[in-house]
Amino acid sequence: MKPFLVLLILLVTAAESASIPHVRRFLGHFAGSRLRNNAGAALNAAQYETRFFRQRLDHFSFAELPDFNQRYLVGNTAGLWSPPAPIFFYCGNEGDIEWFSENTGFVWEIAPSFSALVVFAEHRYYGLSMPFGSKEEAYKDAKSLSYLTTEQAIADFATLITDLKRNMSAEDSPVVLFGGSYGGMLAAWMRLKYPHIAIGALASSAPILQFENISPPESFYDIVSSDFKRESMNCFDVIKNSWDVLEAQGKYGDGLISLSGKFRLCKDLNNTEQLSDWLDSAYSYLAMVDYPYASSFLMPLPANPIKEVCKKIDDFPDGTDILDRVFAGVSIYYNYTGSVDCFDLEDDPHGMSGWDWQACTEMVMPLSSRKESSMFPPYEFDYPAFADECIQSYGVRPRPTWVTTEFGGHDISTVLKKFGSNIIFSNGLLDPWSGGGVLQNISHSIIALVTKLGAHHIDLRSSTTDDPKWLVELRETEIKLIKGWINDYYQDKAFTAYSIIPLFI
């Protein structure tokens, strides 16, 4: 088993034939199915124009290296924007930028009330923003992947914003950053590293404290487990007891073939770890997207999907095979529509495989599992084994302290109180990544908005008629804070024509 982010799991393990132990790596391939759901993307595309910016490969050297095309989406909602009206800039995550645009309706919805220009910038090495001309060349080896770092990505965003403002005569337009999950981390870090580029950042579900010796490493799996336990203790117990049953069955002569058939896999298993990872992914993603309404962010899912999973597991009569119960439960996640013929453990529909490299270099986010509180098997993060796997996979050794050296994290309240401003950290406590988030106000302008029933960056999603009152109020608070930043900026610039944005809508 292994962890993941936002966004997003399932590494095809190199440990299958190696002597090193299999270790959790935080994020890898998205564990998907043969099903695709792109209808929403086509509808959303009408809001924006797709453009490309010629971007430097290495912002931190003067070597003559090949440039690459960075994709970005630009939307002038309702044709209202003109300088010096604001620019809303979404910091792209580890995947196709159109997917994130499709699932970040909040930014599109509030832009007209600000007369704001909307920009969604794709992260280098994802989607169509591939250095060296193709994904094959970009991902070829450690040398070609060496430019896939958070520092380079944030510098891309800063360079793109600067160029856009210059070309559109918008030097005086304030920029507000948005991001969810890894994108939220980038938004917060960019506000800290480039305060002259952006006046503020909304960092939703951004686990910037999920690094060495800051947040408890067991918090992620404890929260996933708690989400299931709050729905059904029996459901929690079935899942907790299923791991040993799965492992035991895999040891029989034809056990792996039998498991492959029981779980309707497209290919026979090589080991039980592959199936454990697949189940781990489902439970973890379900906790992340346990929204109170139907959604299709990761997979088409019903409202309150964990409740539906547990209902499926609990409805079986006593004596039913425990793995049959588990398969029925995870089918809510992987096959709610009933359209999937078989499940591909190596599927990566949103192009997030670059995270394997990032997790093996600087994004080292230790996760553990405790027997007492978790429904997952006990596991202690083993850095030496993790480093050995990264060396075997990429020929690189992780740098687990680099992120906190580059962006901070230790004693964050003291540091940001002195050197930071205008950041909203929003977190929902159902989201397992909230354990690595900022959950308390740091200053009058670095605000933590915490919701008891919130899931992974739910505030950034499009509004619906089923939104609970607490979610509506959360978004209203975020809008008020952003309007305050913009008004302060215009007043400092003495732009009286733009300093009258009302603080409420």
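The charged end of Lys 135 sits over the ring of Tyr 139, at 5.2 Å from its centre, where a charge counts as over a ring if NZ of Lys or CZ of Arg is within 6 Å of the ring centre and within 35 degrees of the ring normal. The charged end of Lys 483 is likewise placed over the ring of Phe 114, 5.3 Å from its centre. The model is predicted, so that local features need pLDDT of at least 70 and side-chain atom pairs count only at pLDDT 80 or more, while totals for chains, interfaces and linings use all residues. Residues are numbered from 1 along each chain as its sequence is written, and side-chain values use heavy atoms, with hydrogens and water left out.

The structure holds 33 aromatic pairs, defined by rings of Phe, Tyr and Trp (its six-membered ring) whose centres lie within 6.5 Å, with planes under 30 degrees apart counted as stacked, over 60 as edge-to-face and the rest as tilted. In one of these, the rings of Tyr 182 and Trp 355 have centres 4.8 Å apart and planes at 75°, so the pair is edge-to-face. Tyr 182 is buried, with a relative accessible area of 0% (buried means under 20%, exposed over 50% and partly exposed in between, for a 1.4 Å probe and protein chains only), and Trp 355 is buried with a value of 0%.

Phe 220 and Tyr 221 also form an edge-to-face pair, 5.1 Å centre to centre with 75° between the planes.
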